[in-house]
Structure formats: C-alpha cells, structure tokens
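Okay, everyone, thanks for coming. Let me put the sequence and the structure up, and then I'll talk you through it.

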Amino acid sequence: MNRELEPSINEKNFLYNALRQGKRIDGRGIYDVRNIRITFGNQYGHVQVQLGKTRVFANVSWEIVKPYPDQPTEGFLRFNTEMSPMASPEFEAEKLSEVEVIVSRLLEKALRRSRAIDTEGLCIIAGEKVWSIRVDIRVLDHEGNITDCACIAAIAALYHFRRPEYTIEDDEVTILPLDQCNPVPLSIHHTPICISFAFFDEGELMVVDPNLLEEQVKEGDMTITLNSHKELCIIHKAGGIPLEIDQILRCTKIASVKVSEITELINNALKEDEKKRE
Amino acid sequence: MSETTEFQPYAILPGETISLDKYKNDKDVIKIGPGLLHEKQQVTAIKAGTLKNHNNQKWWIDSSQRRYVPSLNEHVIGKIIAKTQDYFRVDIGSAHSALLSTLAFEGATKRNKPNLEIGALVYARVSLANKDMEPELECISATTGKANGFGELKDGFLIKCSLGLCRSLLNPNTPILTALGEHFAFETAVGMNGRVWINTPDISNTILLSNAIKNSEFLSAKEIKQMVKELVKQSEDDMEL
C-alpha cells in the first residue's frame, strides 16, 4: 500500500491493544454490523445504501440485445463497478484498483453464478432478442467494507427495478410505454448477502464488518455469501493468514444470523417504498 | 458617523456577491478574510459556508472541508512516510507531502538527530506554505527555539475529522473538550489539517473520547453536555458489569 495511505504506528498499536481487550475503535461489539440505511430513488432500480459511513449507489438499466448463438435463451446480467477518487484517496481516476477488481468479481459470483436472477426468464424471442440488464455500482464514500455495502445495494436495486412490458407480433417486439402498462419486476430466486470478516493476531482475533482502519491493518479477511434460506453461495478467502476449520464454521454461523437480519431490512425498505408510490 | 445596520451571519454560496456598504462607516478599513475575493470593486464569495464578521470590520466565510491546504504557522499533525539523512518526508493530508528537517527539533545537532520511525506521528508547525512548492514543517517554536509541545506524539489514538471541527476544538472554551474534561483526564493535540490525537491511560476511555469528539461536530453546546453525560453513565454501567 502507498505509504501515505498506511495508518500510523499509533493507530495500529491502539487498534491491536483495543481488540485484545475485546473492544473496537468505533465502540461496536466484535460481531456488530454498522447501521444500514437504504434509500430508494424516484426511478425504479435506483438505490443508495449506507453501511455506517460507507456509501454505495446502484442503478439498474435495461437494453434489448441479441443473445450469444450458443445460448439463445439466456439474457445478460452485467455489473459495472466504479470507485471514484471522491470515495477515498487510494482510488485514482481511470486506474483499476485491486479493491475494484475484487468487489466486481465477488458481485458477479454472488448474483450471477448463484443464479439469483433467472437469466432464462430474460428471454424475449429465442435466438433473436433478450433483455440485457446492467447494474452500475458507484462507490461514493469508502469507510471500510465496500463489498458488503455494494452487494446490498446491487440486490436492493435489482429487487426495486421494473422492466417495461412488451408485446410480440410476427417477430416484432413492441415495448409498451410506462404510462400504458405497468412495468414488471425481475424474477429473483433468492437474496444473496455478503458478510465480511477481518482477522488479526494470526487468526486469534476476528471482527465482523471491518471499518476503514481495521481493513488497513488486517492480516487476513474472508467474505461469506449466504441467503436467508441458509444456503451457502460463496466463501471468498483470497490470501491472508490461514484459518482453522472451526473458525470458518463459526463465521458461517455468525454470517447466517446477520444475513437474515439484513434480508428483513431490505424487504422492509422495499415495502415502505411501495407504500410511498401508491 | 452614519448608521450601521445589525448583521446576522447567513449561509452563502460561491459566486454570490456581498455589499458591505451598509455595514461600514466611511473611514473604516474593511479586511477580507478566507473564502472571500475582492475584485473589480466587488466582494464575491468563493466558498460555500456561513458569512461572518467581527465588529463589521473583518469579514470571512466559515466553511468546513476535509482536504487540507497548508498555511503558514498552522499547527498540524503529520505522519512520517520516509526519511533521509537530512529530512523526513511527512504526510499532512495535503496535495504534496511536507518536508521536516532533522535539525528542526529542540536540541538537535548534526551528531544528535531525532530517531523517528516511519509511521510515527509528529506535531509540527508549518514553516513554509506555498501553492507551488512542497510545504515545510518545523518541530520547534518560531520564537523561542524550544519544543513547546511539538515533536513526536507517542501512543494514543488519531482520528480524522473536518477542518471546521478542528478549528472549533482549538478554542479553549470549546464545549466538547470542557465537558469531557470534567469527567476524564486526557491529553490531546489538535492539528489544523483535520487530525486530532487523543491519549488516556485507559483504552475504553480513549475510544469513548474519540467517538464523542467525532460526533460533536454538529451538536449545540446543550446537546454536547447531554451526550457526554449519557456516555459517562454508559461507561460507568459497563464498568460495573
């Protein structure tokens, strides 16, 4: 890491001493996730999520394209993450940072490979026209744990999004305008949510939902993606210190509790937004 | 003496012009401060914030940003990022890193240089600030040549906050520090570059103080007293557990 972005010795030592006493520097408990705030925009598919001070914004848009010839009935689901220098001095404009690559790959795995969105349901005319759904994720503020925040933003945006209705006449697709026919939500099978952990002291100490300083000082990390049916979608552990099996099992148990809480939060936020629109 | 009207501070955006005519007497000299630009017979705001004045003679805009622009004689907290024979390179959060000469410490000679590690924190004074050059720091007082509080900050914890909060913390009667001082013993160093260093012998107290200071930025004096009371009560309850 660039020397300017590394925390000072005082901060590192303080963080370790506090963790060894079971305390976190922002006063949270070790298993506490920060306050999550979900705000939907006026347009469908437009959402801003705040995880503590980390702020991520997601927007879903649609396009009709020709499918791949070897997969004529599959639509497309694409993710585009952008981390602007506004979020943190470690991001440079136009330059792809490591964090950006990790987050976008995790999102693809969590939402596309886990078949959360039914891509077969995105077919209009087999071999000719399919929906291409694009999720744009923008990180506005980096205060730690962009991964979890971006995942919540992406899934909330996909739930919130509505695609227009269409009619087919002799191979011609007519998109019905929004004032004529209500748009339709996407078919989403389950809600995968990512929970990230950070490890210190050779695996002895663990925190859930690391903030910025904890992320800069950590020795290892792991992200577990589950849905509310306790189905494991992903375990992502790229490098860092090795972990024991019982630690990983413990983390999955903690993650499943957090995931059900967060799923309920997303559902409540969606319901409230629906009420507002009536 | 012409009549001067009473001035109330108000929020202002960049580009707005201010007419100071109704606030001044004919022979007053008006001084324009930060955030205001005087050109072509007009005074224009160039920052977003609150327009304030002192005695209708000094005018400035109180704004709060997070990125620091070095300014002469300000006290800042820096982090050592590199060292050479003659100087340390220090990150103070500005666009360029600053230079701190190894001789700019109390009692330092060519043989007896300070031994600061990379990653250490220092409290220093900006001795050169020019938008075209790298800023320079000194760890001795300009007048006496003694340390006077400057130098390495050992242990403790560092928090980053907005520049406006740091400016208000430098006021000796600031509500948050006096309220906290009634219940806790602590030492603190406030850098004008948006960094505050806090040290107490007890880790949970340091955590409590750093979070209290961070949260106090937009609270009124009464709310601050209330928040500190609740925090103290909570920490006493935790101790009993």
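I'll go through the nonpolar cores, then the helix pairs, then the sheets. Keep in mind that this is a predicted model.

Let's start inside. The largest nonpolar core has 65 residues. Which residues have the most contacts inside it? Those are Ile38(A), Val47(A), Leu111(A), Ile133(A), Leu158(A), Phe197(A) and Ile266(A). And if you want to know which helix gives the most to this core, look at helix 3 of chain A, residues 146-160, with 11 residues. There's also a second, separate core, this one of 36 residues, and Leu177(B), Val190(B), Ile198(B) and Val232(B) are among them. As general background, nonpolar side chains tend to be buried together in soluble globular proteins.

Leaving out residues up to four places away in sequence, Ile133(A) touches a list of residues including Val60(A), Trp62(A), Phe76(A), Leu77(A) and Leu122(A).

Now for helix packing. Helix 2 of chain A, residues 98-113, packs against helix 3 of chain A at an angle of about 40°, and their axes are 10 Å apart. Because of that angle, helix 2 of chain A counts as oblique to helix 3 of chain A. Their crossing is right-handed. So who meets whom? On helix 2 of chain A you have Val99(A), Val103(A), Leu106(A), Leu107(A) and Leu111(A). Facing them from helix 3 of chain A are Ile146(A), Thr147(A), Ala150(A), Cys151(A), Ala154(A), Ile155(A) and Leu158(A).

Over in chain B, take helix 3, residues 203-215, and helix 4, residues 221-240. They pack at an angle of about 160°, with axes 11 Å apart, which means helix 3 of chain B is roughly antiparallel to helix 4 of chain B. That crossing is right-handed as well. Leu208(B), Ala212(B) and Asn215(B) make the contact from helix 3 of chain B, and Met227(B), Leu231(B) and Ser235(B) from helix 4 of chain B.

On to the sheets in chain B. One is an open sheet of four strands, in the order 1-6-7-3, with mixed pairing. Its edge strands are strand 1 (10-12) and strand 3 (31-32) of chain B, and each pairs on one side only. Strand 3 of chain B runs parallel to strand 7 of chain B, residues 58-62, over two bridges, and Lys31(B) sits opposite Lys58(B) there.

Another open sheet has three strands in the order 2-5-4, paired antiparallel. Strand 2 (17-18) and strand 4 (36-39) of chain B each have a single partner strand, so one side of each has no neighbour in the sheet. Strand 2 of chain B pairs with strand 5 of chain B, residues 42-45, over two bridges, with Thr17(B) opposite Thr44(B).

Last stop: strand 9 of chain B (residues 87-91) and strand 10 of chain B (residues 98-101) run antiparallel, joined by four bridges. Tyr87(B) has Ser101(B) as its bridge partner. Six residues lie between the strands of this hairpin, where Gly93(B) takes a positive phi near 85°. Strand 10 of chain B also runs parallel to strand 12 of chain B, residues 136-138, through two bridges, and Leu100(B) is partnered with Leu137(B).

Key
Residues numbered from 1 in each chain as written. Chains lettered and ligands numbered in written order. Predicted model: local features only at pLDDT ≥ 70, side-chain atom pairs only at ≥ 80, totals over all residues. Heavy atoms only, no water. Pairing = 2+ DSSP bridges. Core = buried A, V, L, I, M, F, W, Y, C linked by side-chain atoms within 4.5 Å. Buried < 20%, exposed > 50% of the residue type's maximum accessible area, 1.4 Å probe, protein only. Contact = heavy atoms within 4.5 Å. Axes fitted to C-alpha atoms, helices over the stretch in contact; angles between N-to-C directions. Parallel < 35°, antiparallel > 145°, perpendicular 65-115°, else oblique. Left-handed = near helix turned anticlockwise from the far one by under 90°.
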